[in-house]
Amino acid sequence: MAVNFLYPDYEVSRNDDRCIACRVCERQCANEVHEFLADTNKMVSDDAKCVNCHRCVALCPTRALKIVKNNNTYKENANWSAKTMNELYRQASSGGVLLSSMGNPENYPVYFDKILLNASQVTNPSIDPLREPMETRVFLGAKPQNIERDEAGRIVNNLPPHLTLSMPMMFSAMSYGSISYNAHESLARAAEELGILYNTGEGGLHEDFYCYGKNTIVQVASGRFGVHPDYLNSGAAIEIKIGQGAKPGIGGHLPGEKIVGDISRTRMIPEGSDAISPAPHHDIYSIEDLRQLVFSLKEATNYQKPIIVKIAAVHNVAAIASGIARSGADIIAIDGFRGGTGAAPTRIRDHVGVPIELALAGVDKRLRDEGIRDNVSIVAGGSIRSSADIVKAIALGADCVYIATAALIALGCHLCRSCHTGKCNWGIATQVPDLVKRLNPEIGYKRLVNLLTAWQHEIKEMIGGMGINSIESLKGNRLMLRGVGLSEKELEILGIKYAGE
Amino acid sequence: MKRVYVNEKWCLGCHLCEYYCAFGESNKKDMARALKDIKINPKIWIEEKDGVSFAVSCRHCKEPLCVKSCITGALTIKDGVVTINKDKCISCYTCILICPYGAVSPSEDGAVQKCELCVKTTWGTPACVEGCPNGAIVFEERG
């Protein structure tokens with residue numbers, strides 16, 4: 001065998017005193033790390049194959065396993081890190097673009113962690129959500145500009161199509177193809193139970209899930225996979241995907257091997273053909289073009305459904321959002337640079353885009369300054385990790401947030417970032433039947449419901465502490481936020497004061 | 001009466017039910033100590049072939065053939081649970097031959113063994129159900 005420059009990143013550490021050789025690790029590892037040696041009645045493992053997904057660790061009934069970071073080291077170098085060198089070795093051997101999955105893991109500032117929330121003391125009463133009513137319901141869509149009356153003076157209902165959510169969260173777009181049938185079913189059922197929405201992503205909608213239509217956002221992306229009249233009319237809203245936070249400016253590529261059976265039928269493309277989403281929509285080169293698509297979709301759905309336009313947070317996001325707010329779209333979704341993905345070129349994922357906190361603050365301010373904030377609702381996504389992030393996002397100007405990575409973690413994802421291999425041991429980012437069945441939607445949807453219900457409780461506690469009894473009253477209320485460890489410029493963009501001010 | 005039911009749709013063939021069964025039977029607190037270097041002889045086991053797998057254990061039939069066939073009265077129905085009294089079992093294995101589900105098996109000491117829904121263990125409820133990672137084994141009332 002030729003020299004392999006790469007040493008395994010992780011070691012599978014097995015406590016032989018606790019291992020009972022039940023072989024569950026061996027049976028559950030799609031990467032074939034573990035092996036049972038019958039002659040010695042012992043398990044052994046091949047560290048090189050381990051992706052650190054923790055399936056074996058979680059299922060080991062005696063807790064005999066743990067995965068540890070390999071301390072094999074190169075000569076220390078602050079400039080040429082081991083990670084950089086390993087990537088270089090990998091490319092020198094493959095000649096290919098490095099691929100990665102899930103969100104940007106690099107050490108960029110997380111602004112949510114540098115923002116603190118306010119609470120009431122003495123002069124204004126805080127509210128106890130366990131004793132007093134507390135509203136977390138939100139409505140998404142364009143707001144009427146004025147009150148209209150008919151000849152008899154009665155108020156005319158001129159409210160454009162709206163989405164009503166029981167809490168300010170939705171599951172963001174993950175296509176059937178990038179995630180499994182069972183993952184989709186878990187999201188759809190959870191959305192229905194919670195009174196929120198999930199998003200089909202760009203892979204079309206499986207015929208089994210049309211029954212969740214009122215809790216579904218159907219996506220139209222550049223590949224236009226699976227788009228037909230029934231599809232557009234089946235959802236509560238339609239999302240035009242322009243960009244994705246994990247990979248702004250580039251398209252998608254689901255390899256032909258994954259286009260099998262139901263996925264081929266749902267995407268309306270032949271089995272085995274690569275599903276390539278072009279980088280741009282080839283019919284959208286301007287806001288005017290976008291407006292055409294927005295109104296084409298409205299026309300196709302009889303002006304019954306709000307249209308969402310989803311963009312990645314990039315440098316000119318505020319100006320772009322201003323254009324979108326004038327395009328006839330009802331909702332703008334902004335996806336920050338930490339947003340997840342099933343596969344993206346590593347360099348794009350790790351180096352393109354801007355943080356959602358700054359993008360969101362910039363967009364909200366721009367739309368308010370231009371007097372068009374009520375034209376649209378804003379949905380912020382791209383690594384919403386907790387209810388505190390949600391409260392901060394709403395105070396920065398979002399109407400609602402998109403959650404995806406957190407939802408997948410609730411379903412078992414351990415962020416091993418190997419989605420692109422298609423061998424997800426948790427049955428999420430895979431189409432291999434034996435792996436897909438590992439995610440039982442009956443269990444999965446309850447975990448999602450639990451997570452979001454818990455977050456809803458926490459949101460009530462946090463806003464109650466501020467003396468606010470409705471999440472809508474927090475929207476854009478940046479006085480409830482203070483920065484720590486931020487520069488004057490950062491505070492200016494976020495539109496918040498420094499802690500102590 | 002609550003019984004153990006299996007659903008092959010969600011069975012992963014991980015065999016954890018077998019180990020939890022043996023652990024439950026051991027009445028020890030720690031699975032590593034209970035099962036280390038032991039070849040288990042569980043009362044539930046996985047049948048698998050051609051990508052299909054499912055757990056098999058006693059159905060606790062309303063009219064159990066094993067009880068009818070037992071010549072010493074070692075097998076009886078107690079509160080719906082088909083129970084074995086090992087002291088009375090003479091290891092004739094008629095029950096093993098007659099059980100249409102193959103759910104009765106010989107134990108190490110010769111007497112037959114079978115799932116008794118953990119009523120005699122410290123778990124109290126079936127350990128296989130609690131140990132199943134994917135909800136493929138359930139303990140529920142189905143009339």
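How many residues does the contact take from chain A and from chain B? The contact takes 18 residues from chain A and 18 residues from chain B, two residues being in contact if their C-beta atoms, placed from the backbone, lie within 7 Å. This is a predicted model, in which local features need pLDDT of at least 70 and side-chain atom pairs count only at pLDDT 80 or more, while totals for chains, interfaces and linings use all residues. Residues are numbered from 1 along each chain as its sequence is written, and chains are lettered from A and ligands numbered from 1 in the order in which they are written.

On the side of chain A that touches chain B, the elements giving two or more residues are α1 (24-28) and α14 of chain A. Helices (H or I, at least four residues) and strands (E, at least two) are DSSP runs, numbered from the N terminus. The most comes from α1(A), with three residues. By class, this side of chain A has seven nonpolar, three polar and eight charged residues; Ala, Val, Leu, Ile, Met, Phe, Trp, Tyr, Cys and Pro count as nonpolar, Asp, Glu, Lys and Arg as charged, and the others, Gly among them, as polar.

**Domains**

In chain A, nine residues of domain 1 are in contact with seven residues of domain 2. The domain 1 side of that contact divides into four nonpolar, four polar and one charged. In chain B, the contact takes seven residues from domain 1 and 10 residues from domain 2.

**Strands of chain A**

Strand β17 (residues 307-312) of chain A is mostly covered, with six of its six residues buried. A residue is buried if 20 or more other C-beta atoms lie within 10 Å of its own, exposed if 12 or fewer, and partly exposed in between; C-beta atoms are placed from the backbone. A:I307, A:V309 and A:I311 on one side of β17(A) are buried, as are A:I308, A:K310 and A:A312 on the other.

Strand β14 (residues 237-241) of chain A is joined to β17(A) by four bridges and runs parallel to it; strands pair if DSSP finds at least two bridges between them. Here A:I240 stands opposite A:V309. β17(A) also pairs in the parallel sense with strand β18 (residues 331-335) of chain A, over five bridges, and A:A312 has A:D335 in β18(A) as its bridge partner.

An open sheet of three strands has the order β6-β22-β23 (chain A), with mixed pairing. β6 (115-117) and β23 (497-498) of chain A are at the edges with a single partner strand each, so one side of each is left without a neighbour in the sheet. Strand β22 (residues 481-483) of chain A and β23(A) run parallel and are joined by two bridges; A:G483 has A:Y498 as its bridge partner in β23(A).

**Core**

The largest nonpolar core has 187 residues, and those with the most contacts inside it are A:I332, A:I334, A:L360, A:V401 and B:C128. Such a core is a set of buried Ala, Val, Leu, Ile, Met, Phe, Trp, Tyr and Cys residues joined through C-beta atoms within 7 Å. Helix α14 (residues 441-465) of chain A gives the most to this core, with eight residues. Not counting residues up to four places away in sequence, A:I334 touches residues including A:I311, A:L360 and A:I378.
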